[in-house]
Amino acid sequence: MTNAYAAGEAASRSALQIDAVFFFITAVSLFFFFLVEGLLIYFAIRYRRKKASEDAATSDVKSHLVLEIVWVIIPSLVVLVFFAYGYVVYRDVTTPAPGSSDINVVARQFSYEFKYPDGNTTVDELRLPAGKPVKLIMTSQDVLHGFFLPDFRLKQDVVPGQYTYLYLQPDKEGTYDIFCTQYCGVGHSTMRAKLVVMSPVDYAKWAQAAKTAGAVMSLPEKGRDLLSKSGCLGCHSIDGSVKIGPTFKGLYGRESHLEGDREVVADEDYIRESIYDPGAKIVRGFPNVMPTFKGRLSDDDIAAIIAYLKTLSGGKSEREEEKKEKGERKK
Amino acid sequence: MAETTADGAAIPLNGNGRSKGYLEEKGFWSWALTLDHKRIGVLYLLTTLLFFLVGGIFGLLIRIKLMYPGQEIFSHHVYNVIFTLHGSIMIFLFIIPAIPSGLGNFFIPLLIGARDVAFPRLNLASYWIFVAGILIMLASLLRPMDTGWTFYTPYSAKTAADVTLLSFGIFLIGMSSILTGLNFIVTIHKLRAPGMDWHRLPLFIWGMYSTSIIQVVATPVVGVTFLLLAMERLFGIGFFDPAKGGDPLLFQHFFWFYSHPVVYVMILPAMGIISEVVPVFSRKPIFGYKAIAYSSLAIAFIGFFVWGHHMFVSGMSKTASIIFSFLTFFVAVPTAVKVFNWIATLYKGSITFESPMLYALTFIFLFTFGGLTGMFLGALATNVHVHDTYFVVAHFHYTMMGGTVVGFLAGLHYWFPKMTGRMLNEKLARLGWLLTFIGFNVTFLTQFFLGYKGMPRRWAEYPAQFQDLNIVSTVGSWILGAGILIMVVNFIRGYYAGEPAPANPWKSLTLEWQAASPPSTENFEKIPVVTDWPYGYAKRKPEGNE
C-alpha cells in the first residue's frame, strides 16, 4: 500500500486471478504500444523533410493487400485471446464455491446493512471468518449502489427491486475497504464500509457476544446500537462534525433554522417526526435526502434513540455552544 | 463579366470583379438567417467552442475539489452538480456537435465540390433548434442537475433537480443532430462534383458519412428514452423505477443503445480529419484508402452491438455480458487498421511538423494508448475490478479528449486559413500544443493508477490513500488549461492580426483548397470536375496558388 502506483495487496484468490489477467493484457499491450508508438516516432523522425532534399520524391505506394490482411488477422487473434482469458476468469470468480454461507446485504443512501445467517445484523462493517466462502445476496432500498471490494478486485451493482450476487473467498485476515461505485446522491463518496476478516475462533466469539449484547443493554445503549445498525451514523456525526446531515451532538433541545424561514426546537416529537417523515422539516443548508424509517424502527426503538440523544446534549442552546466554541478558539 | 452558377443565378461580384467572400456581409440578421453552410458552420463552431471553455472551467473546478482529501471549497452537492455539468456540456454541447455540425457543415460541400448542403433551410433550422435546446438546458439550472450525464434511474426519477427540463433540452439537441445527419447523407449522395465517385471521396467525407448514419439511426432512441423518463417523473408511470413496477436496467439498455454508438459519432469524423492531415504533411498518398474508408463503416456497424459493455457489473445476465465482451473486442480491429494505415502513410514520406501535423500525430499517439487501455475494460475479469473507477475516467478522456478533441484541434489548425483567410502564429500554436500535450498526460495518465488502486469515479472526497496522485492530476489540469488558453488567444489573434492566407498554404490536393481563402459565398467560381483521387502527392506536384 506504500507504493502510490500499485493497487492494494491481493486479498484473495479472485484478486490473484484477476491481477494475472491484468498483467497479461498489460504485457501484450505494452508490446504493441512500443511497436506502434515506436514506429510512429521513428518514421516521423527518419522521414522528416530535410532542407536539402525538399523536392525529393516520396514513395507512391498506395496500398498493400498482404499487409492489410496481416494487420487485420493479428489484432483479431490477440483480442480473441484477451476475450477468452477474461471470460474464463470471470466465469470462475462469479461461480459460487461449494458450501458457501449466505449473507444478505441491503444498501441504502448511504450505508450498507449486513444480515448474517445466525440473526446478527451489522451496518457498514461486514465481519467474516477467514477461509470460509460467502455468497452476498444484495438488494437496494432506494437507488442504484455499487458494492466494490478493491482488495478482492470484485464489484457488483446493487439494484432496487432485484437481487444481485457477489461471491467471496476471504483467505487473509485483515480489514479491507468497501466502496460504493455507483453514483447514488449527495453522500456517494462517504458511502464506505469495512470488511473485517477474522480468524474463525475470533469470529465465533464476536458473533456470540453480538448476539447476547442486545439483551442486557440499557435504554441509551440500545439507542446507540440502533443508530449504528440503522446506518444513521453514516450521515449524522455524534462528535459535532458536519456530514451529510446535522450532527446529533447537542441536537436534543437545540433550536434549528429550517428551510422556509422557520425555526424549531428539537424535542421528542420533532425527533420522531424527523425519523418517520424526514422531509417535513429540513434544517437549512442540508439536502432533503433521508429515507423514512417507518416500519423499520418501532416506537420503542425511537424511545431508546431519544434517550441516547439526550446523553449527547447538555441541554444548552445552539448559540451558547457557538459562543463557547468561539471562546475556545480565541484561547 | 458576370459569371453564373450551375443553376443560372448570377454570382454577386465585389468591387474587384471577384465574387464576394462569405465573411464580407456584416450584421446580426445576415448571420442569424443565413443559409450559407459556411456561416452556419461558423455559428456552430463558435457556440461549441464557447461551451468547450465553459465545460473546461467545470473540469478545472472538479480537479480543485479533488486536490486533497477534505477540500471544502464547495459542498458535495455543488460538486455533484459540477461534474454533471462538465459531462453534459462536454458531451452534448461540445464533442457531439463540434466536428459534425461545425467543421462538417463548413467543409462537406467544399470537399465534394458543391455550392451548399442539400437542404440549406433545414440546416439553419437545426442550428436554431440546437440553440433552443441549449436555452432550455440553461433554464434547468434553477434546480441544477446532480445525476451525472448518464441520468441513471431510479436516482434521476427521484432527485429534486429538474431532470425533465434538462432532458427536454437534450431531446431538442438530439433532434438538431438527426436533421444535420440527414442533410449530410443526402448531400454526400447527391451533390458530389462531376467525376467524384465514391472512391475519390476524401476520407473526412467517409468519416462524416458513417457518423451521419449513426446520428440518424441511434439518436431517436435517446429521445424516446428521455420522453419515457419525463412521463415517469410527471405522471408516475413506472418504466424504470422498481417501486412503480419498472426496471432500472431497462433504462441503462436504452441509454447505452444510443450513448455507445454516439462515441463513434464523436471519433469517426476526427479520424477523418487525421486521414486528411497526415498525407498532406507527409507529401505521400494515404496508405490503404479503401481499408480506412470501409473501416469507418465497419466501426459504425459493429458499434451498434456493443452497448452492453457499459453494464458488465450492472446485474445484467452473465450470458449477455459474455456476448457483449466478445463483440466489443471486434470494434478494436477496424480501429487498429486505421492506426496501422496512418503510420504506413508516414513511411518514406517527406514529413513536416506544422501545428496541424503535430496535433494529428498526437491524436495517433494518444488514441492508440486510449485504445489499448480499452482492452482492460473489454475483458470481463479486469472490467469487474476497474469498472466505475478512475481507470474508466482516464480511458475515456484518452479516447474522447486525446482522440476526438485533439483531432478537432488538428482540423481547426489545418482549416483556420481557409475559414478566416488568415494564418495562425505558428510559434504560439506550437506552444499551445506542447502545454496541452504535457498537461493532458499529467492529468489523465495518473488517473489510470488511481482507478487501478480502487478510487471510484464521481467521488466528491476520498480517503488519504489516494492523495499523492490526485494532486499530480490537479497540477496537470492547470498545465492543460494554460495550453488551451494559449490556443484560444492564438485563434483570436490570428483572426484579427494573422498574415493573410494564400488559397492553398499547405499545398493540399483536396477541393476546398481550390476555393479562395476565405471562400466566396458560392464556394467555387466554377464547379470543379474531378479526374483523380485527392491523395496523389507523390505523382504530381501541387501548385501553390490556383
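Start in chain B, at B:N123. It counts as buried, because it has 25 C-beta neighbours inside 10 Å; the cut-off for that label is 20 or more. Keep in mind that this is a predicted model.

Where does B:N123 sit? In helix 4 of chain B, residues 120-139. What does B:N123 touch, beyond residues up to four places away in sequence? The partners are B:H37, B:I40, B:N105, B:V117 and B:N183. Then look at B:F184. It is 61 residues away from B:N123 along the chain, yet the two C-alpha atoms are separated by 9.5 Å.

Staying in chain B, on to the nonpolar core. In general, nonpolar side chains tend to be buried together in soluble globular proteins. Here, the largest nonpolar core has 240 residues. Helix 3 of chain B, residues 76-112, supplies the largest share of this core, with 21 residues. Among the residues with the most contacts inside the core are B:I274, B:A360, B:F363 and B:A410. Take B:I274. Leaving aside neighbours within four places in sequence, B:I274 is in contact with B:W342, B:A360, B:F363, B:I364, B:G407 and B:A410.

Now chain A. It has seven helices and 12 strands. Of its 331 residues, 34% are buried. Take the contacts in chain A with a separation of 6 or more: 67% of them join residues 24 or more positions apart.

Chain A splits into three domains. Domain 1 comes in two pieces, 1-47 and 64-95. Domain 2 covers 101-213, and domain 3 covers 217-330. The C-alpha centres of domains 2 and 3 of chain A lie 26 Å apart. Their contact takes 16 residues from domain 2 and 12 residues from domain 3. On the domain 2 side, strand 2 (111-115) and strand 3 (121-123) of chain A each give two or more residues. By class, that side has five nonpolar, seven polar and four charged residues.

Next, the chain-to-chain contact. How many residues are involved? There are 72 from chain A and 76 from chain B. On the chain A side, the elements giving two or more residues are helix 1 (13-46), helix 2 (65-93), strand 6 (145-149), strand 7 (154-158) and strand 9 (174-180). Helix 2 of chain A gives the most, with 14 residues. The class count for the chain A side is 43 nonpolar, 19 polar and 10 charged residues.

Two pairings to look at. Strands pair through backbone hydrogen bonds, either parallel or antiparallel. Strands 4 and 10 of chain A, the latter at residues 192-198, run parallel over five bridges. In that pairing A:E125 stands opposite A:K194. Strands 6 and 9 of chain A are antiparallel, over two bridges. There, A:F147 has A:C180 of strand 9 as its bridge partner.

Which side chains of strand 4 of chain A are buried? A:L126 and A:L128, which point to one face.

Last, some backbone geometry. Most residues other than glycine have a negative phi, and most peptide bonds are trans.

First, A:R153, in the loop between strands 6 and 7 of chain A. Its phi is near 60°. A:R153 counts as buried because it has 29 C-beta neighbours inside 10 Å.

Then B:D388, in the loop between helix 14 (380-386) and helix 15 (390-420) of chain B. Phi of B:D388 is also near 60°. With 24 C-beta neighbours inside 10 Å, B:D388 counts as buried too.

Now the cis bonds. The bond from A:Q109 to A:F110 is cis, and A:F110 lies in the loop between strand 1 (101-108) and strand 2 of chain A. The bond from B:T153 to B:P154 is cis as well, with omega near 0°. B:P154 is in the loop between helix 4 and helix 5 (155-158) of chain B.

That's the tour. Over to you.

Conventions: Residues numbered from 1 in each chain as written. Chains lettered and ligands numbered in written order. Predicted model: local features only at pLDDT ≥ 70, side-chain atom pairs only at ≥ 80, totals over all residues. Domains from an automatic or database assignment. Contact = placed C-beta atoms within 7 Å. Helix = DSSP H or I, 4+ residues; strand = E, 2+ residues; numbered from the N terminus. Nonpolar A, V, L, I, M, F, W, Y, C, P; charged D, E, K, R; others polar. Buried ≥ 20, exposed ≤ 12 C-beta atoms within 10 Å, placed from the backbone. Pairing = 2+ DSSP bridges. Core = buried A, V, L, I, M, F, W, Y, C linked by C-beta atoms within 7 Å.
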